[in-house]
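Student: Can we go through this one together? I'd like to learn how the labels get decided.

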Amino acid sequence: MAETIAAISTALAPSGIGIVRISGPEALSIGDTLFKGKKDKKISEQKGNTIHYGWISYNGEILDEVLVSVFREPHSYTGEDSIEINCHGGIIAINRILNAVYDCGAAPAG
């Protein structure tokens, strides 16, 4: 069975933007758990190759204001369903989001 993995796909350094990529069978459902948009949209119901504005929220706390890109298999970097969470750069915000993604069931990418 395929595993859902996640990793930071930008530099872990002071920067304007940081990206967390989630790829695998649970990527879209993890997006549903963490993403809160203006119109209660679910990431799993969005078309591929689209971007959605909102917030990443975990345990009742807003972690960051984000853009989430949705990629449907086989038209993604890994060939699987995947999402990319574009958040504010730097070490704190991106690590908080990555840890929330891990808590939701993704494994660290090898």
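Student: Why does Arg96 count as partly exposed?

Tutor: Its relative accessibility is 34%. Buried means under 20% relative accessible area, exposed over 50%, and partly exposed in between (1.4 Å probe, protein chains only). So Arg96 counts as partly exposed. Before we go on: this is a predicted model, where local features need pLDDT of at least 70 and side-chain atom pairs count only at pLDDT 80 or more, while totals for chains, interfaces and linings use all residues. Residues are numbered from 1 along each chain as its sequence is written, and side-chain values use heavy atoms, with hydrogens and water left out.

Student: What makes Glu61 and Arg96 a salt bridge?

Tutor: Their side chains meet at 2.4 Å, N to O. A salt bridge needs a side-chain nitrogen of Lys or Arg within 4 Å of a carboxyl oxygen of Asp or Glu, so the pair qualifies. Glu61 lies in strand S5 and Arg96 in helix H2, so this bridge ties together parts that are 35 residues apart in sequence. (Helices, H or I with at least four residues, and strands, E with at least two, are DSSP runs numbered from the N terminus.)

Student: How many salt bridges does the structure hold?

Tutor: Two. In the other, Arg21 meets Glu84 at 2.8 Å, N to O. Arg21 is in strand S2 and Glu84 in strand S6, 63 residues apart.

Student: Is Glu84 buried or exposed?

Tutor: Buried, because its relative accessible area is 14%.

Student: What sits over the ring of Tyr77?

Tutor: The charged end of Arg21, 4.7 Å from the ring centre. The rule asks for NZ of Lys or CZ of Arg within 6 Å of the ring centre and within 35 degrees of the ring normal.

Student: Which residues touch the most other members of the largest nonpolar core?

Tutor: Among them are Val20, Ile85 and Ile97, in a core of 23 residues. Helix H2 gives the largest share, five residues. A nonpolar core is a set of buried Ala, Val, Leu, Ile, Met, Phe, Trp, Tyr and Cys residues joined through side-chain atoms within 4.5 Å.
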